[in-house]
Amino acid sequence: MQAENYGWYPGHMTKARRMMEENLKLVDLIIELCDARIPLSSMNPDIDALATGKARILLFTKADLADDKATAAFMKRFEEQGTLCLTMDARTKAKNKEVLSLVKKACSERIERNRRRGIIGRPMRAMVAGIPNVGKSTFINSIMGRSAAKTGNKPGVTRGRQWVRLSADLELMDTPGITWPKFDDPDTAIRLALVGSIKEDIIHRQELCDYLLTFLRTHYEGTLAAKYGAEDIEGIARSKHLLAAGAEPDTERAQRLVLDDFKNGRLGRITLDLPLGDNR
Ligand SMILES: Nc1nc2c(ncn2[C@@H]2O[C@H](COP(=O)(O)OP(=O)(O)OP(=O)(O)O)[C@@H](O)[C@H]2O)c(=O)[nH]1
Ligand SMILES: [Mg+2]
């Protein structure tokens, strides 16, 4: 995999890592947001090394778009590893209470240590981190109960760090999303692009669409036929009457349609990372 092709050139990585390190100095807790459709591909592989000694919780957003069965298998695996985690639709407040109790659990040691040192009443500070477009700002707004952070369905909406005070006990830091290369999995960049966390123009649309169609035919049999009455891009173009000059199928428009339908959950609830072993 050519990491530079995806914006993962060395300068970007150094900058992203430095920013993460600076932000980490300011917080007690990391709230890492991952996309439930790609729990593994969206996880920051360097956070373990960067965040030693910090409390951590993992929140899987966009669970409303992910495959429930896969989500359950992933959660089981993470919980067995002792990770404090939750799945959610970050646009709703449904999990607010559970998130706060998870935060408390994760911070309990730190609060106790502070108490022993006579530090009482200092709020816990949490950094909300994760890949672009995963829902960091949306999550902050839901838990705050008001629009405190700017959101939008494309990567790179939040530019700099921003603090919000949730309560006397907890302050949250919104951060810009960062992507990280995982050299051991060449499919990571494609999966990140399919869920909208890498800018659309970086990987060729045809490559993305071919990957998605093959994945769906293999792991979600019948999905394409049910939605489009066809399983390949030319067939889809024809059945959706997307035709170019000479009544040829307009595959470019068909690709855009399929990718857009997937991103917005119109192909059903689909998870691109495989929960059992081989993530390919
Ligand atoms: N369906 C669904 N959509 C979500 C969820 N969380 C966020 N979104 C949508 O995803 C898009 C991105 O949300 P943001 O909160 O701007 O994402 P972000 O992580 O702050 O993105 P950057 O600031 O660009 O790094 C928005 O259109 C949200 O409405 C979720 O749990 N489910
Ligand atoms: Mg944001």
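How many nonpolar, polar and charged residues does the shell around ligand 1 have? In this predicted model, the shell has seven nonpolar, 12 polar and five charged residues. Ligand 1 is surrounded by 24 residues. The closest are Gly135, Thr138, Asn153, Thr158 and Gly177. Helix α5 spans residues 136–144. This helix supplies three residues, the largest share of the shell around ligand 1.

The overall fold was examined next. The secondary structure of the protein consists of 10 helices and six strands. Along the principal axes, the C-alpha atoms fill a box of roughly 80 × 40 × 35 Å. Of the 280 residues, 35% are buried. Contacts were also considered between residues at least 6 apart in sequence. Among these contacts, 65% join residues at least 24 apart.

The protein is divided into two domains. Domain 1 covers 3–174, and domain 2 covers 204–263. Their centres, taken over C-alpha atoms, are separated by 35 Å.

Two of the strands are β5 and β6. Strand β5 runs over residues 162–165, and strand β6 over residues 170–174. They pair in the antiparallel sense, with four bridges. Four residues lie between β5 and β6, and the two strands form a hairpin. Within this pairing, Trp163 has Met173 in β6 as its bridge partner. In a regular strand, side chains alternate between the two faces of the sheet.

Key
Residues are numbered from 1 along each chain as its sequence is written. Chains are lettered from A and ligands numbered from 1 in the order in which they are written. This is a predicted model: local features need pLDDT of at least 70, side-chain atom pairs count only at pLDDT 80 or more; totals for chains, interfaces and linings use all residues. A residue is near a molecule or strand if its C-beta atom, placed from the backbone, lies within 6 Å of it. Ala, Val, Leu, Ile, Met, Phe, Trp, Tyr, Cys and Pro count as nonpolar, Asp, Glu, Lys and Arg as charged, and the others, Gly among them, as polar. Two strands pair if DSSP finds at least two bridges between them. Domain bounds come from an automatic or database domain assignment. A residue is buried if 20 or more other C-beta atoms lie within 10 Å of its own, exposed if 12 or fewer, and partly exposed in between; C-beta atoms are placed from the backbone. Two residues are in contact if their C-beta atoms, placed from the backbone, lie within 7 Å.
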